[in-house]
Amino acid sequence: MHQRTTPPTAPTVATGRRGMARKALLAASALGVVTALMAPVRAGAAPAPAAPTAATPLAANGQLSVCGRQLCNASGQAVALNGMSTHGTQWYAQCVTDGSLDALAQDWRSDVLRVSTYVQEGGYETDPAGFTARAQKFVDAAHARGMYAVIDWHMLTPGDPNANLDRAKTFFKAMAKKYKNHPGVLYEIANEPSGVSWSAIKSYAEQIIPVIRAEDPDAVVLVGTRAWSSFGVSEGSNESEVVNNPVNASNIMYTFHFYAASHREEYLNTLDRASDRLPVFVTEFGTQNYAGEGANDFTMSQRYLDLMKRKKISWTNWNYSDDHRSGAVFKTGTCNGSNWTGTGVLKEAGVWIRDRIRQ
């Protein structure tokens, strides 16, 4: 769906056994415990974790779970998280800083940050320990500002997630071990499977989910769907294959991705139908074409957002960087500076999506 290769301008560079720990964290939040933020960081570093303040999405909602077809908070109320996805952290770590995340949490009023760890394309496979540490630093930075974090295993090419099964087990074991006592994480186990059957994706999910559950039994797991997380539409299928053969696990949601200038009525209708039968989280979308570039189609994008708002479907937009493509929210060069707030540093898509998150 969204074909992302190395950018020409890329840099070289509280339930279960954890209930008490999570309640303690949220109690500290309610008291307004604030930890000083560190200086701006570059090339993968990020601030240390801190307890979120009482007014934040994380403190207000606590441990999430799937109830029926909805994402629900610790009180059992349906919630919809809205926020942004990072670009690949092997290219745009310099866009995830003190200043940019302060802007995302406070100026944009985002609920969630999706931290995208590419597996190939110069990502995780080149330095597993380094990219695991980088992902953890960015997750910690989101938590420090009271945002949730989606831990995105950004497999793209090859399209079969089983090709990276062992790497995924290692990564998710490390992440789940670190965050097993934290209410602020969701695990996205396969970004955009493609060229592979739903049964193969399901088999992968049923091997990865137990690895996560062994460490972190309570967190929500997000399962990628066939054909670039389109419920199979991009390869001539539909959501029925998932409805008729769901993953054998509880507390999970299925992901759907769309790019509004390319993905029209058939995709919108699929999202509508699928979310009537399954819990769905839109972990990636853009207002442009499937490559995240070209002209914005805000009219079609708004139709998707209206549907997601009506059905309380959570979403994160691609992407929080200054990549040259129109889908990156910041103007090129912004990540080399220190100004992140307001609309002056944003491209047209950035102005639009910031306004939607703030609503």
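**Notes on the predicted model**

1. Let me start with P158, which sits in the loop between β5 (148-154) and α5. This is a predicted model, and the backbone here deserves a look: the peptide bond joining T157 and P158 is cis, with omega of about 5°. Most peptide bonds are trans. N319 belongs to the loop between β10 and α11.

2. Most residues other than glycine have a negative phi. W228, in helix α7, is not a glycine, yet its phi is positive at about 60°. F231 is not a glycine either and has a positive phi of about 55°. F231 lies in the loop between α7 and α8.

3. Is F231 buried or exposed? F231 has a relative accessible area of 0%, so this residue counts as buried, the cut-off being under 20%. Its ring is paired with that of F256 in a stacked arrangement, with 6.0 Å from centre to centre and 25° between the planes. The pair ties together distant parts of the chain: F231 comes from the loop between α7 (226-229) and α8 (240-243), while F256 is in strand β8 (residues 252-259), 25 residues apart. F256 is buried as well.

4. Ring pairs connect F231, F256, F258, F285, Y304 and W315 into a cluster. Across the whole structure, a search finds 18 aromatic pairs.

5. Two packed helices are described by the angle between their axes and the distance between the axes. For helix α5 (residues 165-179) and helix α6 (residues 198-215), the angle is about 25° and the axes are 8 Å apart. The two helices are therefore roughly parallel to each other, since an angle under 35 degrees counts that way. α5 passes α6 in a right-handed crossing. On the α5 side, the contacts come from L165, A168, K169, F172, K173, A176 and K177; on the α6 side, they come from Y204, Q207, I208, V211, I212 and E215.

6. The axes of helix α4 (residues 128-144) and α5 come within 11 Å, crossing at roughly 35°. This crossing, α4 over to α5, is right-handed too. Which residues make the contact between α4 and α5? T132, A135, Q136, V139, D140 and H143 in α4 meet F171, A174, M175, K178 and Y179 in α5.

7. S100 is worth a close look. This residue is in helix α3 (residues 98-107) and is buried, with a relative accessible area of 0%. Its side chain reaches the backbone oxygen of C95 at 2.8 Å. Leaving out residues up to four places away in sequence, S100 touches C95, Y320 and W340. S100 and N339 are 239 residues apart in sequence, but their C-alpha atoms are 8.1 Å apart in space.

8. D107 is also in helix α3. At 14% relative accessibility, D107 counts as buried because the cut-off is under 20%. A polar contact of 2.9 Å joins the side chains of D107 and R354. Apart from residues up to four places away in sequence, D107 touches D102, T341, G342, R354 and R358.

9. R354 brings us to helix α11 (residues 348-358), where A349, G350, W352, I353, R354, R356 and I357 are buried. What covers the buried residues of α11? The elements include β3, α3, β9 (280-286), α10 (298-310) and β10 (315-318).

10. Finally, H87, in the loop between β3 (82-85) and α3. H87 has a relative accessible area of 3% and is buried. Setting aside neighbours within four places in sequence, H87 is in contact with Y92, S116, Y118, W318, N319, S321 and D323.

Definitions and conventions: Residues are numbered from 1 along each chain as its sequence is written. This is a predicted model: local features need pLDDT of at least 70, side-chain atom pairs count only at pLDDT 80 or more; totals for chains, interfaces and linings use all residues. Side-chain values use heavy atoms; hydrogens and water are left out. Rings of Phe, Tyr and Trp (its six-membered ring) pair if their centres lie within 6.5 Å; planes under 30 degrees apart count as stacked, over 60 as edge-to-face and the rest as tilted. Helices (H or I, at least four residues) and strands (E, at least two) are DSSP runs, numbered from the N terminus. Buried means under 20% relative accessible area, exposed over 50%, partly exposed in between (1.4 Å probe, protein chains only). Contact means heavy atoms within 4.5 Å. A polar contact is a pair of N or O atoms within 3.5 Å; within protein, one must be able to donate a hydrogen and the other to accept it, and residues adjacent in sequence count only if both atoms are side-chain atoms. Axes are lines fitted to C-alpha atoms, for helices over the stretch in contact, and angles run from 0 to 180 degrees between N-to-C directions. Angles under 35 degrees count as roughly parallel, over 145 as roughly antiparallel, 65 to 115 as roughly perpendicular and the rest as oblique. A crossing is left-handed if the near helix is turned anticlockwise from the far one by less than a right angle, and right-handed if clockwise.
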